[in-house]
Amino acid sequence: MTNNPSYEMTADYISRVKALRKKGATYLVLTFGCQQNEADSEKIRGMCEAMGYSPAKEGDSCELVIVNTCAIRAHAEMKALSVIGNFKSQKLNNPDMIVGVVGCMAAESEVAAKIKRSFRFVDFTAEPASIHRIPELIYTAMTQRERSFILGSESCEIVEDIPVVRQSTYRAWVSVMYGCNNFCSYCIVPYVRGRERSRDSAAIISECRELIASGVKEITLLGQNVNSYKSDINFAQLITKIAELKGDFILRFMTSHPKDTSDELIEAIRLSGGKISPHFHLPLQSGSDTVLRRMNRTYSIERFMNIVDKLRESIPDIAISTDIIVGFPGESEQDFEKTLVALSKVRFDMVYAFIYSERAGTRSAGWEDDVPKNVKTERIERLLKLQGEISPERNERFIGEVQRVLVESFDESENTYVGRSPHNKQVRFTAEKAEIGKFIDVRIDSARITCLVGTAK
Ligand code: SAM
Ligand code: SF4
């Protein structure tokens, strides 16, 4: 039992739906977007199974469908809307089927209105902060045949103890904080995920302890801005406490904001002796101070370079990855060239590059989206070409070394195992036998743009 009143309400509706749902009823959860959504979907699955639904395969008919959506770029929204639309005919054949749309798109008032108006087969929508109310919404759809739309609840409570069905037995996401206060001028996240709120450190540490005891080998702490975590302890202290837990595991975290990357955090990674992954995802977004200012990123390129220097002084072989947006409103050729210069100077291990996508409601949506489409495409191609020269060089430094790799799968087409190194590099390797979900030592023989290639020792 839990003392958390919010979960008591969820638990009550879980029992009510369980008593009502058809025997043998199945569910499907489809997920778009980031790891935070993946983690939310694991809770949604947990609630579905607690209500007595069993998992359906994609394509099979089922009694409950929940689509967990992403709003970060227009393309993600279009994809989700088309998938949601596909359930219209299934609902016509099976009017008892319940369809829910949750996640970031459901928190946008225009999208919610569109779903209400044009997707009449959708029974409910719920924004990310309200996923614990899904059992209640299902109950309403079952008993009152009413459609529900939860929007603008501004819910800031954190509901602990929601049941979870994890996708992996040896890797786990653990959310440590929700929401974002940064309001980067292009970004929809603060509007759809609400203000920053951090979980209690004791709850996080106890969840990690249980995961490790159950055999989990890789824990990734999640937050839109994970290093602004704030409760009785700060993020550096939190990761230190988790890394000190007994057991054989590796700790990762994402995503960090440069403004919250403290010396204490860098020191925590160094002092963990490899228990905390020597990989730092540090989104730069642009190499031009003018663009960074208009993006409201609150750091200069000089400050960013200082952080990179500190990371490398402290942990010389650390892997650093980043996010870049090309074609932000007003980005000139000179601004873009400064981004290329930044890439050449920093020499990131990996770059995730995105073409700017205007998001209604954000500050930059009020500015003219004035970089022509063909220029945006040309810029992203130039950027990826440059990074295509840097990434192999960053991978080659591991040749001849032995890396401790967590085995993830076996690729029959190449007859190799696939795993992940402490630096978060994909490793493809041959071995007489390797066990999925266990660590194995691999000697690195060569490097490609996107992975390391080796042989088990
Ligand atoms: N919180 C993280 C941060 O501060 O960088 C990541 C948030 S977001 C889920 C992941 C990435 O999407 C961002 O780093 C940014 O590069 C990109 N992104 C966000 N809004 C975008 C937009 N409107 N157009 C294109 N890319 C965008
Ligand atoms: Fe979006 Fe900026 Fe918050 Fe990241 S820090 S989620 S980019 S507003």
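This briefing walks through the ligand sites, a pocket, the salt bridges and some backbone details of the structure above.

Welcome to this predicted model, in which local features need pLDDT of at least 70 and side-chain atom pairs count only at pLDDT 80 or more, while totals for chains, interfaces and linings use all residues. Residues are numbered from 1 along each chain as its sequence is written, chains are lettered from A and ligands numbered from 1 in the order in which they are written, and side-chain values use heavy atoms, with hydrogens and water left out.

**The two ligands**

- Ligand 1 is surrounded by 15 residues, and Tyr186, Gln224, Gln285, Asp323 and Ser357 are the closest; a residue counts as near a molecule if one of its heavy atoms lies within 4 Å of it.
- A polar backbone atom of serine 357 is 2.8 Å from a nitrogen atom of ligand 1.
- A nitrogen atom of ligand 1 also has a polar side-chain atom of arginine 73 at 3.2 Å.
- The side chain of arginine 297 has an N or O atom 3.4 Å from an oxygen atom of ligand 1.
- Around ligand 2 you will find Cys180, Asn182, Phe183, Cys184, Tyr186, Cys187, Val189, Pro190, Gln224, His257 and Arg297.
- Sorted by class, the shell of ligand 2 holds 7 nonpolar, 3 polar and 1 charged residues; Ala, Val, Leu, Ile, Met, Phe, Trp, Tyr, Cys and Pro count as nonpolar, Asp, Glu, Lys and Arg as charged, and the others, Gly among them, as polar.

**The second largest pocket**

- Rolling a probe the size of a water molecule over the atoms shows where empty space is left.
- A pocket here is an open set of points on a 1 Å grid over the protein atoms alone, where a 1.4 Å probe fits, with protein on both sides within 12 Å along at least five of seven lines; lining residues have an atom within 4 Å of a point.
- The volume of the second largest pocket is about 460 Å³, taken as the space filled by probe spheres set on the points.
- Its lining has 21 residues, with Ile162, Val164, Arg166, Arg199 and Glu207 nearest the centre of the pocket.
- Helix H2 (35–50), strand S7 (171–175) and helix H8 (201–213) are the elements that each give two or more residues to this lining; helices (H or I, at least four residues) and strands (E, at least two) are DSSP runs, numbered from the N terminus.
- The most comes from H8, with 5 residues.
- By class, the lining of the second largest pocket is made of 10 nonpolar, 3 polar and 8 charged residues.

**Salt bridges**

- Side chains of opposite charge can pair when their charged atoms come close.
- The model has 33 salt bridges, each a side-chain nitrogen of Lys or Arg within 4 Å of a carboxyl oxygen of Asp or Glu.
- One network of salt bridges links Glu42, Glu160, Arg166, Arg199 and Glu207.
- Aspartate 349 pairs with lysine 425, their closest N and O atoms being 2.7 Å apart.
- That pair joins the loop between helix H13 (333–346) and strand S14 (350–355) to the loop between strand S16 (416–420) and strand S17 (426–430), 76 residues apart.
- Aspartate 349 is buried at 5% relative accessible area, and lysine 425 is buried at 7%; buried means under 20%, exposed over 50% and partly exposed in between (1.4 Å probe, protein chains only).
- Lysine 310 and aspartate 263 form a salt bridge at 2.9 Å, N to O.
- Lysine 310 is in helix H12 (residues 301–314) and aspartate 263 in helix H10 (residues 263–271), so this pair ties together parts 47 residues apart in sequence.
- Lysine 310 is partly exposed at 36%, and aspartate 263 is partly exposed at 47%.

- Arginine 145 forms a salt bridge with aspartate 96, with 3.0 Å between the closest N and O atoms.
- Arginine 145 is exposed at 59% relative accessibility, whereas aspartate 96 is partly exposed at 45%.
- The phi of arginine 145 is near 55°, a positive value in a residue other than glycine.
- Asparagine 424, not a glycine either, has a positive phi of about 70°, and its place is in the loop between S16 and S17.
- Methionine 254 and threonine 255 are joined by a cis peptide bond, with omega about 0°.
- Threonine 255 sits in the loop between strand S11 (250–254) and H10.

How values were computed
Polar contact = N/O pair within 3.5 Å; in protein donor to acceptor, adjacent residues only side chain to side chain.
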